[in-house]
Amino acid sequence: MARGGGNRSRLLLVLLLVSSLFFITLDLRGVNLAGSIRGSVASVFSPVEALFSRVFSPIGNFAGDIRNIGQASEKIEKLNKEIELLKSKEILDEDMVGQLNQLKNILDLAGRGGYKVVAAKVINRGSSATFKETITIDVGSSSGISRNMTVISDGGLVGVVKSVSSESSVVLLMNDPSFKMGVRIAGSQSIGVLSGQGGNSYLLQLLDAAGEIKLGDKLVARGSDGSRPFVPGVPVGTVVEVQSNASSITQNADVIASANLDRIGIVAVVVSAPKFDPRDSLIPKPNPTVTVYVTPTPTPTPSN
Amino acid sequence: MSRLRVFNTSIFLFIVFAIQETMISRINFPINGFSLYIATLIVVLSLEDRTGSLVFGFIGGIIMDLSITADSPFGQWALVMTLMGYLFSINKESIGDYTDAPIALIGFVSFASAFSLLVFVIIGTLLGEQMGGIYRNISLIFANTLWTLLIMPLFLPVIIRVRKALLTSREK
């Protein structure tokens, strides 16, 4: 390359790098340069996303189905019975039936907790290049959605609304590494902080030094000031492993979420918090075990 | 490089970005997804001249910054992709060895995609962002590389053909 051309390339490089750094600096200093542009992009993309969501719904979940194949094998018999039932009722759209069941369970959870909700369909998952765990839902500001609203599914907490456009919203999932929330252990009432780890497990750090975490403890959302971003009482997860570290001041534990984030199709955004904290009432009750006592009657011995 | 080609290529990149955001992101890949957009941008950068690598690196990065799910500062991807464009421009002769053979190009695109994601994580960490644990990030980058290796053979001929169509008759 000629010397002049090399100088021009170098000048161009410096110009582009400075422009990038200028944008970053503006953004980090709170000048919301991208907000309106990203909002416009979201408004343009959301109808297309909704269309593709309808078309590609069964394809989109194929990988998740492969991952859950072990669990699925246990349920084959049960599902077969359900399929027969659906066929007998002449319901052809099985996908729709699944979504209706999810919606019914969400509304049931919201009703028990006293939450006013807006139901939404998941139309997209976060881009792989953003390193963020997000979903896009098909409701936005036109349906009364605003930032920092709690999002729930039939299992429990899903995440928090991060950004809103007129017809869609982006939800930050609870497994994102930047996600942190206050939780309460149902029963013992000890409080702690739950952090997303990017995968299916979460880290619970107890704030109470005298508190104790037990295996199987259920966690509920502690609730935020003004119920934003978290409404109280939503089931969050279950403790699956208690970390024993003698040098740690408080106890830590591994937690699995109540909601299956890999398989969410329908969610609900809590637009109004309940008047009273539902406390632990939304924790699913364990199935009662039936104990049968059998007292053998003495066999009559034949008399000689 | 004509203004018309800059405009046409930018439109092409935006269309691929729209496909990525509305369709590819719908697919729930194991571990992490596949970024058709990054792979396409890498292919474009590898086929461009020195100036083109820099310009389309910057434009491509700005388009990525428009992602509605992005939580990173606006301009971070532009910085990463401009740096990638610079690396491509100074190694133009070596990259020419890869672009001649399709299989080598797929391997090169996968590696370069992974490297750009790594640079993004490093710059994000330097900017004080919450990027997650090392293990998670490595697994995300690895999965993206794997998916790029597996899926790109399907898209590569189309991308190269479209890119050729975007060249002006003099550039051809």
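Predicted model: local features only at pLDDT ≥ 70, side-chain atom pairs only at ≥ 80, totals over all residues.
Helix α6(B) covers residues 102–126, which makes 25 residues. From its first C-alpha to its last it reaches 36 Å, close to the 36 Å expected at 1.5 Å a residue.

Now look for a neighbour of this helix. Two packed helices are described by the angle between their axes and the distance between the axes. Helix α4 of chain B, residues 76–90, has an axis that comes within 10 Å of the axis of α6(B), and the two cross at roughly 130°. Angles over 145 degrees would count as roughly antiparallel and 65 to 115 as roughly perpendicular; α4(B) and α6(B) are therefore oblique to each other. Their crossing is right-handed. Which residues meet here? From α4(B) come Gln76(B), Trp77(B), Leu79(B), Val80(B), Met81(B), Leu83(B) and Met84(B), and they meet Ser116(B), Val119(B), Phe120(B), Ile123(B) and Gly124(B) of α6(B). Sorted by class, this contact has nine nonpolar residues, three polar ones and no charged ones.

Let us move over to chain A and its strands. Here six strands form a closed barrel, in the order β6-β7-β8-β11-β10-β9, with antiparallel pairing. On average, neighbouring strands of this sheet are turned by 40° against each other, direction ignored. To see one of these pairings in detail, find β7(A), residues 191–196, and β8(A), residues 201–206: five bridges pair them in the antiparallel sense.

Another strand of chain A to visit is β1(A), residues 116–125. Six bridges join β1(A) to β12(A), residues 266–272, and the two run antiparallel. Val117(A) has Val270(A) in β12(A) as its bridge partner. β1(A) also pairs with β2(A), residues 134–137, in the antiparallel sense over three bridges. In that pairing, Val122(A) has Ile137(A) in β2(A) as its bridge partner.

Finally, how do the two chains meet? The contact takes 48 residues from chain A and 48 residues from chain B. On the side of chain A that touches chain B, at least two residues each come from α1 (3–28), α2 (33–60), α3 (62–67), β1 and β2. The most come from α2(A), with 14 residues. By class, that side of chain A has 24 nonpolar, 17 polar and seven charged residues.

Notes: Residues numbered from 1 in each chain as written. Chains lettered and ligands numbered in written order. Pairing = 2+ DSSP bridges. Helix = DSSP H or I, 4+ residues; strand = E, 2+ residues; numbered from the N terminus. Axes fitted to C-alpha atoms, helices over the stretch in contact; angles between N-to-C directions. Expected span 1.5 Å × (residues − 1). Parallel < 35°, antiparallel > 145°, perpendicular 65-115°, else oblique. Left-handed = near helix turned anticlockwise from the far one by under 90°. Contact = placed C-beta atoms within 7 Å. Nonpolar A, V, L, I, M, F, W, Y, C, P; charged D, E, K, R; others polar.
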